[in-house]
Amino acid sequence: MKRLLPIFDTDSYKQSHFLQYPKGTQKVFSYLEARTGTGFQDIVFFGLQYIIKNTLMSQITMKDVDFAQSFFSQQVGPFNYDGWRYIVEKHNGYLPLEIKAVPEGTVLARGNVLVTIENTDINCAWLPQYIEDIIVRVWSTINVATLSYHMKKAILAAFEKTSDDLKDSALFKLVDFGSRGAYSQEAAGVGGMGHLVNFMATDNIPSILYAQDAYNTNAMLGYSIPASEHSTTVSWTEEREQDVYENMINQFGGKYPLFAMVMDSYDLENAVRNIIGKNLKDKILNCGSTVVIRPDSGVPKDSVLSCLQWLDEAFGTEVNSKGYKVLHKSVRVIQGDGVNYDSLVEIIDHIVANGYSIDNVAFGSGGGLLQAHNRDTYRIAQKCSYIEIDGVGMGVRKMPKTDPTKASKAGRLKLIKVDGVYQTIEDNKHLNVLDNELKTVYYFNHQYGLDKPTFNEIDFQQVRANTKLW
């Protein structure tokens, strides 16, 4: 099914809202934020450009409006036929809105305004909240980019403490394994883009292609290595397990810098300690590549440490300048099962406590990276904060006594930066001299001579740079 136009990409009940605003309403100003709450307090804003480019830049025709009239009259009842016809006739089928946002990749505290939306035509005041569903879906990329960012910080801290290696090596320490766990191709691609904001390692092909398209680049944004899985391993049967690993070395050794082998199809300790550490040791040392051992079951921190110790016995280690052991360059370990933020930190702490550098280990995360969160994780919400009726403006807000944490902000909002810290304030043009950190990313009003929306794009390298961790 092709992507739905904005006229259909909303909640059914919103079809009645054009009848609910006060008479004379000319302006609705709404904003998006990640409300304060539990979990990470700093979030990474990312993904709005994908939404604008793939949904909001779509042109609506009278054929679409007529179909919407037929559809919604059956599905819910009311439909703003005259409003949408006006958009087609007066605005060439594009949405007369101004959307401002903090630059993508920006890291800022929850509770700050991230996006503002307002109508640019007084006859379309019902429109900013009509597109709420579309805008709020940025939660997915915010979530993944935020989680990946904090996992990167944990890895970088371990590098600082235990590694002599270049910081750039950290960019390949966390691999996106989440494509198969996503509920659709778009979920894999869109969510995976958030990981690419922070790392350059992924097995999620859609994420690369989605990011290249949405952020206008041909650059290769993520990399992977040859690797086995259980199906290729068990196809040889247990009696020929050694042949599995020997074939991997023959196929990839010396041809690629690294390749990975899953080792727990039968007996992890025997596979690592005896087959890899004894029978194939010389072959590995002379193959010209780094063989990455993957323990895929057991308690992650214990399995990783055991593999490091078994490989240490067989291949040896050197102690770096920071006093931590680094395996011979021919072998490394990747943990690709059960990895989320908490387990990643636990694994790192465990191996460091036992004297091993972060250099020895990489991580793969699937469901823990792309799926184990939702819109409520960082409490992403869009709310109306300002309205104009017959030319008179006023701030509006919700203040539920039953849950004060859900109180919204009032007024036309702007984001400022004071001594390097972002703050959200009401936009009083007469009193506020600091620049608004929210920049216009989408603007359209056909009456001002525009044929199509102005769309101010950012490239992916700038998104990465804005996180300040590159």
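The lining of the largest cavity divides into four nonpolar, four polar and one charged residue; here Ala, Val, Leu, Ile, Met, Phe, Trp, Tyr, Cys and Pro count as nonpolar, Asp, Glu, Lys and Arg as charged, and the others, Gly among them, as polar. This is a predicted model, in which local features need pLDDT of at least 70, side-chain atom pairs count only at pLDDT 80 or more, and totals for chains, interfaces and linings use all residues. Residues are numbered from 1 along each chain as its sequence is written, and side-chain values use heavy atoms, with hydrogens and water left out.

**Cavities**

- Rolling a probe the size of a water molecule over the atoms shows where empty space is left.
- On a 1 Å grid over the protein atoms alone, a cavity is a set of points where a 1.4 Å probe fits but cannot get out, while a pocket is an open set with protein on both sides within 12 Å along at least five of seven lines; lining residues have an atom within 4 Å of a point.
- Grid points are joined across faces, edges and corners, and a volume is the space filled by probe spheres set on the points.
- Two cavities of 30 Å³ or more turn up when the whole structure is searched.

**Pockets**

- Which residues lie nearest the centre of the largest pocket? They are V175, I225, A260, V292 and I334, out of 40 lining residues.
- The largest pocket contains about 1100 Å³ of space, and its lining has 19 nonpolar, ten polar and eleven charged residues.
- Four strands, β7 (258–262), β8 (290–294), β11 (331–335) and β12 (361–365), each supply at least two residues of this lining. Strands (E, at least two residues) and helices (H or I, at least four) are DSSP runs, numbered from the N terminus.
- For the second largest pocket the volume is about 520 Å³. Its lining has 23 residues, and R137, S140, Y183, E186 and V190 lie nearest the centre.
- Helices α1 (48–56), α6 (139–162) and α7 (185–196) are the elements that give two or more residues to the lining of the second largest pocket.
- Sorted by class, the lining of the second largest pocket has ten nonpolar, nine polar and four charged residues.

**The seven-stranded sheet**

- An open sheet of seven strands runs in the order β14-β13-β1-β5-β3-β17-β18, with antiparallel pairing. Two strands pair if DSSP finds at least two bridges between them.
- Why does one side of β14 (392–395) and of β18 (454–455) lack a neighbour in the sheet? Both stand at the edges, each with a single partner strand, so one side of each is left without a neighbour there.
- Strand β3 (residues 97–101) pairs with β5 (residues 113–119) in the antiparallel sense over five bridges.

**Two aspartates with positive phi**

- D390 has a phi near 50 degrees, a positive value in a residue other than glycine. It is found in the loop between β13 (380–389) and β14.
- D390 is exposed, with a relative accessible area of 58%. Exposed means over 50% relative accessible area, buried under 20%, and partly exposed in between (1.4 Å probe, protein chains only).
- D419, also not a glycine, has a positive phi near 50 degrees. Its place is in the loop between β15 (413–418) and β16 (421–426).
- Is D419 buried or exposed? D419 is exposed, at a relative accessible area of 78%.
- D419 and I205 lie 214 residues apart in sequence and 40 Å apart in space, C-alpha to C-alpha.

**The chain as a whole**

- The chain's secondary structure comes to 16 helices and 18 strands.
- Along its principal axes, the C-alpha trace spans about 85 × 50 × 45 Å.
- Of the chain's 470 residues, 53% count as buried.
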